[in-house]
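We will take a short walk through the fold, one stop at a time.

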Amino acid sequence: MIRHLVLFKLNEGVERDEPCVLAGVKAFEELDGVVPELEFWECAWNITDRPIAYDFAINSAVADREALKRYIEHPAHQAAAGQWREFATWVIADYEF
């Protein structure tokens with residue numbers, strides 16, 4: 001199994017309740033059940049206000065590297081990630097467990 005973690009930081013001046021952000025969150029929430037490779041999926045807002053913290057997180061799991069590649073290339077994932085490119089930056093970690 002591969003864990004796929006993504007931490008998002010909203011760009012300066014962007015707020016969680018902006019329509020584009022709400023649409024981006026909805027797009028990620030809707031990936032569960034749409035992308036067959038996802039064996040585990042959760043996403044949520046960070047609940048702490050520490051300056052070092054990121055704003056939003058995705059925690060997911062896929063079977064193997066091929067499944068990860070298919071997930072990343074899936075049109076629904078590409079569309080959701082494309083929305084976030086407009087208002088956030090992120091870091092990713094993929095590891096076997």
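Start by selecting Phe-28 and showing its surroundings. Setting aside neighbours within four places in sequence, you will find Phe-28 in contact with Phe-8, Trp-41, Cys-43, Phe-56, Ile-58, Ala-80, Ala-81 and Trp-84. As you look, keep in mind that this is a predicted model.

Is Phe-28 buried or exposed? Its relative accessibility is 2%, so Phe-28 counts as buried, the cut-off being under 20%. Colour residues 19-29 next: this is helix H1, where Phe-28 lies.

Next, move to the strands and select S1, residues 2-10. Strand S3 (residues 56-62) pairs with S1 in the antiparallel sense, over seven bridges. To see one of the partners, click Ile-2 and then look to Val-62 in S3. S1 also runs antiparallel to strand S4 (residues 88-96), and nine bridges join S1 to S4. Here, pick Leu-7 and you will see Val-91 of S4 standing opposite.

For the last stop, show helix H2 (residues 65-73) together with helix H3 (residues 75-85). Their axes are 5 Å apart and the helices pack at an angle of about 60 degrees, which means H2 is oblique to H3. Show side chains where they meet: Tyr-71, Ile-72 and Glu-73 come from H2, and Pro-75, His-77 and Gln-78 from H3. By class, this contact has three nonpolar, two polar and one charged residues.

Note on methods. Residues numbered from 1 in each chain as written. Predicted model: local features only at pLDDT ≥ 70, side-chain atom pairs only at ≥ 80, totals over all residues. Heavy atoms only, no water. Helix = DSSP H or I, 4+ residues; strand = E, 2+ residues; numbered from the N terminus. Buried < 20%, exposed > 50% of the residue type's maximum accessible area, 1.4 Å probe, protein only. Contact = heavy atoms within 4.5 Å. Pairing = 2+ DSSP bridges. Axes fitted to C-alpha atoms, helices over the stretch in contact; angles between N-to-C directions. Parallel < 35°, antiparallel > 145°, perpendicular 65-115°, else oblique. Nonpolar A, V, L, I, M, F, W, Y, C, P; charged D, E, K, R; others polar.
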